[in-house]
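Please consult the sequence and the model while reading.

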Amino acid sequence: MPHRARTSGPCIEASSSNNIVWNRETAGTELMAADISPKRPFRWHIAIFLAPAVLVYTAIMILPLAGTLQLSLFRNIEQHQVFVGLDNFRTLFGDPNWSVNFWNALRNNVWFFIIHMLVQNPIGVMLAALLSSPRLRFAAFYRTAIFVPTILSFVIVGFAWKLILSPLWGVAPHMMDLIGLKSLFTPWLGKEQYALTALSLISVWQFVGIPMMLIYAALLSIPEEVIEAAECDGITGMSQFWKIKLPLILPSIGIISILTFVGNFNAFDLIYTAQGALAGPNYSTDILGTFLYRAFFGFQLQVGDPNMGAAIATMMFLIILGGVCVYLFLVQTRLRRYQF
Amino acid sequence: MSTATRSLPRTIGAHAILLTYTAIALFPVILVIMNSFKSRAGIFGAPLTPPTPKTFDLIGYTTVIGQGDFIHYFQNSLVVTVASLFFVLLFGAMAAFALSEYRFRGNSLMGLYLALGIMIPIRLGTVAILQLMVASGLVNTLTALILVYTAQGLPLAVFILSEFMKQVSDDLKNAGRIDGLSEYTIFFRLVLPLVRPSMATVAVFTMIPIWNDLWFPLILAPSEETKTVTLGAQLFLGQFVTNWNAILAALSLAIMPVLILYVIFSRQLIRGITSGAVK
């Protein structure tokens with residue numbers, strides 16, 4: 001029988017009424033408040049609907065995550081897992097064999113993230129702004145084409161760029177010659193000072209489609225009336241973008257930033273494909289993902305150490321969790337979502 | 001939109017920038033595919049020109065097909081992707097239905113719990129996942145990959161699908177209940193067909209990272225029997241560093257299925273992104 005008359009979430013029905021401002025809190029409190037049920041038999045179907053997803057998710061994702069965090073507190077001593085408290089972290093930060101690599105990987109990872117924020121997201125916003133201009137012809141073609149790199153795998157992207165930038169093949173020097181810049185060419189991926197930046201830019205090239213699409217969607221959802229009102233007030237062109245549209249798409253920019261953050265601090269494939277597990281030249285492109293892989297599986301003469309691997313994964317977990325918390329509590333609560 | 005904002009120079013400028021960026025986005029892909037059909041002399045002599053009758057050569061493709069077991073890898077990838085996709089969509093839709101349709105104690109808590117995985121990547125649990133798979137004897141089986149990818153895809157699927165399921169009319173479901181349909185029938189016969197477009201969106205979102213993943217095949221299923229295309233291509237490329245024909249052909253073979261699927265589904269994908277599920 002009808003279980004409830006739904007007090008539908010404001011997020012859906014509000015779309016018909018104008019200018020309702022809401023944020024997560026209001027939606028949340030409503031959910032909680034409506035949850036008082038009279039006595040009735042246990043509704044098995046709810047459990048059955050939820051069970052498979054919750055079981056798989058818990059068993060394969062949540063428990064291993066917790067297990068990894070727990071493993072980082074143990075160490076294998078004579079074939080036994082012994083609880084050692086924070087010793088693994090002391091090794092990670094204190095023992096020069098580990099700490100030099102760890103800080104190097106972390107520094108590189110931060111640089112990797114900075115380049116994405118400074119290059120990928122502005123380019124994405126710019127492309128989206130251009131794409132969403134009214135009556136632009138071929139918009140669908142541009143959208144489709146610019147998104148192509150995003151669907152390719154890292155293996156393809158890493159290797160294709162490795163070939164293009166290779167001095168052996170000579171495509172890059174040849175093309176720079178065409179615009180008279182041949183003297184600037186060096187094998188970027190092979191030089192310590194350039195390799196990481198070059199790889200970051202390759203990654204930007206691959207993923208620029210994601211901010212573009214999300215911002216594009218946000219720009220499309222700005223109602224005509226707002227734009228018309230702006231035009232009546234004489235705000236057009238560039239100033240319209242900066243004064244009207246940009247503030248309205250700030251929440252999407254926030255989402256993109258956090259997605260970039262999580263993606264970057266979890267990256268591995270591109271570096272592994274282009275530079276191998278050693279993240280050469282001379283560890284200059286080592287990021288946390290490749291560092292975790294080496295620690296966990298070992299490489300060359302070093303034996304893999306699951307416990308140290310778990311300690312590094314725990315650090316990555318804390319970094320990502322920190323970023324997500326900053327986003328949820330500082331950014332998300334201050335940015336109001338405008339629902340039209 | 002009024003004509004006040006439009007002027008010819010602005011339009012030309014917009015097209016110029018978009019065209020330039022499109023060229024940057026497509027150039028490496030076109031370059032690789034173009035050169036894969038050339039002889040070695042053609043690849044190095046004139047890398048930027050399309051293959052001519054003089055430089056046309058399929059030697060790369062014959063090497064790849066002769067050496068690597070790509071068809072087998074391809075099958076593995078297909079099995080893993082399709083099976084994970086099936087479970088993500090089925091389990092995800094069921095959970096999303098429970099969360100969006102019924103009010104019960106802990107509803108929003110459960111929603112939050114399932115949403116955790118959107119932000120925290122499953123990769124961080126790798127150490128323990130490997131131990132789990134070793135303990136259960138699933139290392140080097142496709143089952144291990146399917147399980148992991150199902151868990152990986154579920155959070156986003158539940159999140160997006162429950163947004164869409166809230167939009168399904170209550171009257172319809174209640175009419176079904178009055179007619180004596182069970183909750184299961186309502187879900188499978190009434191609700192699922194109505195959210196099919198959003199299922200397609202979720203499918204595309206789930207599929208791309210699974211097909212392209214290198215990390216879990218490398219760690220959980222690196223054996224010859226269970227290699228996926230991505231891992232196979234990675235190892236093949238590592239071995240044939242100096243055989244440019246073979247490398248370019250292998251890259252093209254890896255690009256083309258994804259590219260073809262993308263061209264077919266791009267409208268669906270883009271509509272999915274812009275329809276506001278992730279607004």
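Predicted model: local features only at pLDDT ≥ 70, side-chain atom pairs only at ≥ 80, totals over all residues.

Of the contacts in chain B with a separation of 6 or more, what percentage is accounted for by residues 24 or more positions apart? Such residues account for 76% of those contacts.

**Secondary structure of chain B**
- Chain B comprises 13 helices and 0 strands.
- Read from the N terminus, the elements of chain B follow the order α-α-α-α-α-α-α-α-α-α-α-α-α.

**Dimensions and burial of chain B**
- The radius of gyration of chain B is 24 Å, whereas a compact globule of 279 residues would have one near 19 Å.
- Along the principal axes, the C-alpha atoms of chain B occupy a box of roughly 75 × 70 × 35 Å.
- Buried residues make up 44% of the 279 residues of chain B.

**Annotated regions of chain B**
- An unreviewed UniProt entry lists residues 12-34, 78-99, 111-134, 146-165, 186-211 and 244-265 of chain B under "transmembrane region".
- Among these spans, residues 146-165 are 100% helix and 0% strand, with 26 Å between the end C-alpha atoms.
- Residues 186-211 of chain B are 96% helix and 0% strand, and their end C-alpha atoms are 33 Å apart.

**Contacts between chain A and chain B**
- In chain A, 80 residues are in contact with 77 residues of chain B.
- Helix α3 (residues 44-71) of chain A contributes the most to the side of chain A that touches chain B, giving 16 residues.
- That side of chain A consists of 56 nonpolar, 17 polar and 7 charged residues.

Key:
Residues numbered from 1 in each chain as written. Chains lettered and ligands numbered in written order. Contact = placed C-beta atoms within 7 Å. Helix = DSSP H or I, 4+ residues; strand = E, 2+ residues; numbered from the N terminus. Nonpolar A, V, L, I, M, F, W, Y, C, P; charged D, E, K, R; others polar. UniProt positions renumbered as here; feature names shortened; annotations may be inferred. Rg over C-alpha atoms; globule rule 2.2 N^0.38 Å. Buried ≥ 20, exposed ≤ 12 C-beta atoms within 10 Å, placed from the backbone.
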